[in-house]
Amino acid sequence: MEKSRKGPIIFSTIKPFAGLKESLKIGRSEVLDQVRNSNIRGRGGAGFPTGVKWNLTATATDNKKYVICNADEGEPGTFKDRVLLGEYAKLVFEGMVICAFAVGADEGILYLRGEYISFLPELDKTLNQMRKDNLLGENILSKKGFNFDIKIRLGVGAYVCGEETSLIESLEGHRGEPRNKPPFPTNTGFNGHPTVINNVETFAAIAHVVLKGATWFKSFGTDKSSGSKLISVSGDCRKPGVYEIPFGTTLKKVLKMVDAKDTKAVQVGGASGTCVSKKDFKRMIAFEDLSTGGSIIIFNQKRNLLDVAENFLNFFAEESCGQCTPCREGIPVLIEKLKKIKNIKATKGDIEDIFSLAETMQLASKCGLGQTASDALISILNSFKKEYTLAKS
Amino acid sequence: MDKLCSVPKTITDGKTNVTICDAKRSQLIPVLRKIQEKEGYISNRKMQEVAFSLGIHPVEVYSVVTFYSFLTIEKKGKHIIRISNCITADMAGAKKIIKTFEKELGIKLGETTKDKKISLEETSCIGMCDQSPAALIDGKLVGKLTPQKVKNIVKELKK
């Protein structure tokens with residue numbers, strides 16, 4: 001199945017494990033430099049500079065370090081990791097091995113969401129083959145003292161575990177409740193040891209970065225968002241699927257690419273993202289504009305956006321871990337108010353309440369879930385005023 | 001709290017054996033997954049046994065079991081159908097699919113057939129939005145569901 005996809009970076013051609021061989025040749029500090037100079041940022045959605053993360057872990061003093069690949073893809077509308085793990089698993093694992101070499105880790109974990117359990121046999125096969133080929137195990141590719149292996153741990157159905165500290169809690173055998181930061185996983189991660197946690201897509205780009213160089217990587221994308229992004233497109237269009245686009249691509253271009261007609265709105269970033277109206281289709285996918293983990297859901301003129309907002313809020317109500325009050329208590333209130341809007345019973349005061357509650361949730365929630373749970377609703381209320389009518393107070 | 005057992009242990013209730021090697025707290029979820037897979041739920045007794053072997057309080061195990069949606073304290077069917085309730089599934093007609101499942105199985109969403117063979121549930125996005133409506137059936141991702149496909153699936157599971 002590999003090679004059938006085309007794209008500037010991740011879907012471009014590369015010899016398997018050539019990036020790892022190059023890494024061993026140029027040495028740790030050069031690998032760290034390449035990754036830092038490429039300005040690659042985390043592909044999971046938060047966009048933290050990967051080079052900084054790796055450097056922090058590399059310089060942390062501990063004789064035990066971990067590399068974790070976050071494959072707990074759960075954002076509604078996202079399925080790029082399903083494609084990467086199904087078709088490009090070697091590339092992902094190679095990225096993890098390069099990372100381990102660069103930061104000095106000897107243990108890797110792929111945290112695979114429980115929903116993707118059907119990928120397990122094939123992934124295990126790939127890992128076994130890598131062990132046979134001395135791409136994992138002891139003295140990898142005859143590099144003395146470079147020992148590293150990867151094991152797979154399955155999630156058990158919790159969206160919030162995609163948050164890195166919550167993922168660590170889950171790995172340690174606890175409820176997946178996010179931790180306070182700092183300390184950051186780069187020095188206090190899994191079992192208290194320095195840990196790099198990156199998204200599947202970030203690891204998939206690493207071999208390309210090392211082999212083809214930071215300058216090549218930066219030739220794609222914008223000044224502030226270098227490289228490319230995998231987007232998962234779904235909803236009202238003729239060609240849904242996973243595409244690789246350079247950062248800076250406009251929504252308009254994406255809509256044309258997937259053959260979407262009669263589009264009313266595009267939800268960028270999944271349930272925790274923003275709903276964009278037609279007048280903003282010239283905006284682009286980039287960290288400095290529309291930042292996303294890759295979820296693009298298209299709605300045509302027939303769709304009721306209040307239903308969309310309600311679906312997202314119900315999702316967050318179900319997936320909130322319940323640990324902090326603004327998130328746990330705020331979401332049900334938003335749902336209640338939204339129902340009032342749908343029944344044309346909401347007054348101007350209700351709308352004001354929604355905005356002020358959303359602000360509180362953004363400021364006071366502990367993790368990204370609560371901080372972004374209201375974003376879709378707020379963007380719909382702001383950009384699609386025609387979708388609702390208020391009651392005469 | 002994280003008392004470590006240095007000796008591998010086998011937990012048994014006469015029917016099922018679960019071996020915990022290097023029983024650390026971090027093994028808790030993999031062990032619970034195995035029990036869930038084998039028995040269809042995690043009983044009070046099992047929770048106490050697991051807690052004992054890890055040197056933690058049973059309530060800690062209970063708190064973990066009840067946190068994750070794939071771990072349950074109620075017995076589920078041998079086969080579990082989890083329909084995605086993602087917005088894209090909704091848009092692609094998931095309601096009709098759910099209705100067909102309900103009709104074919106004779107149960108409502110969230111219930112298990114009387115013979116404890118099949119459970120019908122909904123779940124958050126399963127990463128199949130390009131093939132909506134979709135479901136996770138016994139761990140397998142099934143997309144582009146149609147009423148006819150549903151009928152075939154139920155027939156197959158009932159066998």
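These are my notebook entries on a predicted two-part model, chain A with chain B.

**Ground rules**

I worked with a predicted model, in which local features need pLDDT of at least 70, side-chain atom pairs count only at pLDDT 80 or more, and totals for chains, interfaces and linings use all residues. Residues are numbered from 1 along each chain as its sequence is written, chains are lettered from A and ligands numbered from 1 in the order in which they are written, and side-chain values use heavy atoms, with hydrogens and water left out.

**Entry 1: the interface of chain A and chain B**

I began with contacts, meaning heavy atoms within 4.5 Å. On that rule, 48 residues of chain A touch 32 residues of chain B.

Next I looked up the area. The size of an interface is often given as the accessible area lost when the parts come together. Buried area here is the accessible area (1.4 Å probe) that two parts lose on being put together, summed over both. Chain A and chain B bury about 3000 Å² between them. Carbon and sulfur atoms hold 61% of it. On the chain A side, A:Glu115, A:Val156 and A:Arg175 lose the most area to chain B. Together they make up 22% of what that side buries.

Which residues form the salt bridge with the closest N and O atoms 3.0 Å apart? I took a salt bridge as a side-chain nitrogen of Lys or Arg within 4 Å of a carboxyl oxygen of Asp or Glu. The rule finds one across this interface. The partners are A:Arg82 and B:Asp130.

I then counted polar contacts. These are pairs of N or O atoms within 3.5 Å; within protein, one must be able to donate a hydrogen and the other to accept it, and residues adjacent in sequence count only if both atoms are side-chain atoms. The count between the chains is 17 residue pairs, both residues at pLDDT 80 or more.

For the elements I used DSSP runs, numbered from the N terminus: helices are H or I with at least four residues, strands are E with at least two. Five stretches of chain A give two or more residues to the side touching chain B: strand S3 (149-154), helix H7 (164-171), strand S5 (228-235), strand S9 (295-300) and helix H11 (305-319). H11(A) supplies the largest share, six residues.

By class, that side of chain A has 21 nonpolar, 15 polar and twelve charged residues. Ala, Val, Leu, Ile, Met, Phe, Trp, Tyr, Cys and Pro count as nonpolar, Asp, Glu, Lys and Arg as charged, and the others, Gly among them, as polar.

**Entry 2: domains of chain A**

Domain bounds come from an automatic or database domain assignment. Chain A divides into domain 1 (18-218), domain 2 (228-300) and domain 3 (305-387). I followed the pair of domain 2 and domain 3. Their centres, taken over C-alpha atoms, are 22 Å apart. Each of the two gives 13 residues to the contact.

Domain 2 and domain 3 of chain A bury about 960 Å² between them, 72% of it on carbon and sulfur atoms. One salt bridge crosses this interface by the rule. A:Lys264 pairs with A:Glu387, the closest N and O atoms being 2.7 Å apart. I count three residue pairs in polar contact here.

On the domain 2 side, S7, strand S8 (274-277) and S9 of chain A each supply at least two residues. S8(A) gives the most, with four. By class, this side has six nonpolar, six polar and one charged residues.

**Entry 3: chain B**

Chain B has six helices and six strands. Its order along the sequence is β-β-α-α-α-β-α-α-β-β-β-α. The assignment gives domain 1 (9-67) and domain 2 (79-158). The centres of these two domains lie 29 Å apart over C-alpha atoms.

I looked up two cis peptide bonds. A:Lys181 and A:Pro182 are joined by one, with omega about -5°. A:Pro182 sits in the loop between H7 and strand S4 (195-199) of chain A. The bond from B:Ser132 to B:Pro133 is also cis, with omega near -10°. B:Pro133 lies in the loop between strand S4 (118-123) and strand S5 (135-137) of chain B.

A:Asn134 is not a glycine, yet has a positive phi of about 60°. I found A:Asn134 in the loop between helix H6 (120-132) and S3 of chain A.
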